[in-house]
Amino acid sequence: MDTSNPAVLVNGELLRLYVGKKVRTVVQVIRSESGIVHGKSSDDQQLILKGSLPGTLSQFVEVIGTAESAQSIRAEKWNNFGDTFDLSNYNQLCKLANGEYKHLFL
C-alpha cells in the first residue's frame, strides 16, 4: 500500500480545507451527465465530481481524487458502495479523522 500521498477523508464542509490535495469521500448520487456527477455529501452539501465514470453508478459512491474547489473533486477512482449506506456514520468518521483523532489516520 502506497502511503506517500494519502487521501484525506472529507465531507462537504472539510473539502474546502484540502483544495489541491488528494481527498476521498462518499456521496449519494443525485444525477450523472457527461462525465459529471452531482452528489450529496454526508453533511448535506452538493458536490460536483468530474472524471471518467465507471460503467454504472450505485446510489452511493466513494470518490478518490483531487479537490479542485470547495465544491468539486477531479475523480481518479470510483467505488460503488451500493444502494444502502449510512452517510451520517460516514460524516462522524470524517469529523474524527480531521479532529482529535487525526493522528490515527494517514
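Helices (H or I, at least four residues) and strands (E, at least two) are DSSP runs, numbered from the N terminus. The model is predicted: local features need pLDDT of at least 70, side-chain atom pairs count only at pLDDT 80 or more, and totals for chains, interfaces and linings use all residues. Residues are numbered from 1 along each chain as its sequence is written, and side-chain values use heavy atoms, with hydrogens and water left out.

**View A. Ser-58 in the loop between strand 4 and strand 5.**
Ser-58 counts as buried, at 13% relative accessibility. Buried here means under 20% relative accessible area, exposed means over 50%, and partly exposed lies in between (1.4 Å probe, protein chains only). A polar atom of the Ser-58 side chain lies 2.7 Å from the backbone oxygen of Phe-60. The Ser-58 side chain also reaches the backbone nitrogen of Phe-81, at 3.3 Å. Both are polar contacts. That term covers a pair of N or O atoms within 3.5 Å; within protein, one must be able to donate a hydrogen and the other to accept it, and residues adjacent in sequence count only if both atoms are side-chain atoms. Leaving out residues up to four places away in sequence, Ser-58 touches Val-29, Asn-80, Phe-81, Gly-82 and Asp-83. Contact means heavy atoms within 4.5 Å.

**View B. The aromatic cluster of Phe-60, Phe-81, Phe-85 and Tyr-90.**
Rings of Phe, Tyr and Trp (its six-membered ring) pair if their centres lie within 6.5 Å; planes under 30 degrees apart count as stacked, over 60 as edge-to-face and the rest as tilted. The whole structure holds three aromatic pairs. In one of them, the ring centres of Phe-81 and Phe-85 are 5.4 Å apart and the planes stand at 50°, so the pair is tilted. Phe-85 also pairs with Tyr-90, again tilted, at 6.3 Å centre to centre and 55° between the planes. Tyr-90 is buried, at 7%.

**View C. The largest nonpolar core, with 24 residues.**
A nonpolar core is a set of buried Ala, Val, Leu, Ile, Met, Phe, Trp, Tyr and Cys residues joined through side-chain atoms within 4.5 Å. Val-10, Leu-15, Val-23, Leu-49, Val-63 and Trp-78 have the most contacts inside this core. Elements giving two or more residues to the core are strand 1 (8-9), helix 1 (12-15), strand 2 (22-33), strand 4 (46-50), strand 5 (60-67), strand 6 (72-80) and helix 2 (87-97). Beyond its neighbours within four places in sequence, Val-10 is in contact with Leu-15, Tyr-18, Val-23, Arg-24, Thr-25, Tyr-90 and Cys-94.

**View D. The salt-bridge network of Lys-50, Glu-68 and Arg-74.**
A salt bridge is a side-chain nitrogen of Lys or Arg within 4 Å of a carboxyl oxygen of Asp or Glu. By this rule the count is five. Glu-68 and Lys-50 meet at 3.3 Å, N to O. This pair links distant parts of the chain, 18 residues apart: Glu-68 sits in the loop between strand 5 and strand 6, and Lys-50 in strand 4. Glu-68 also bridges to Arg-74, with the closest N and O atoms 3.4 Å apart. Glu-68 is partly exposed at 36%, Lys-50 at 24% and Arg-74 at 38%.

**View E. The salt bridge between Glu-33 and Arg-31.**
The N to O distance is 3.9 Å. Glu-33 is partly exposed, with a relative accessible area of 40%. Arg-31 is partly exposed too, at 39%.
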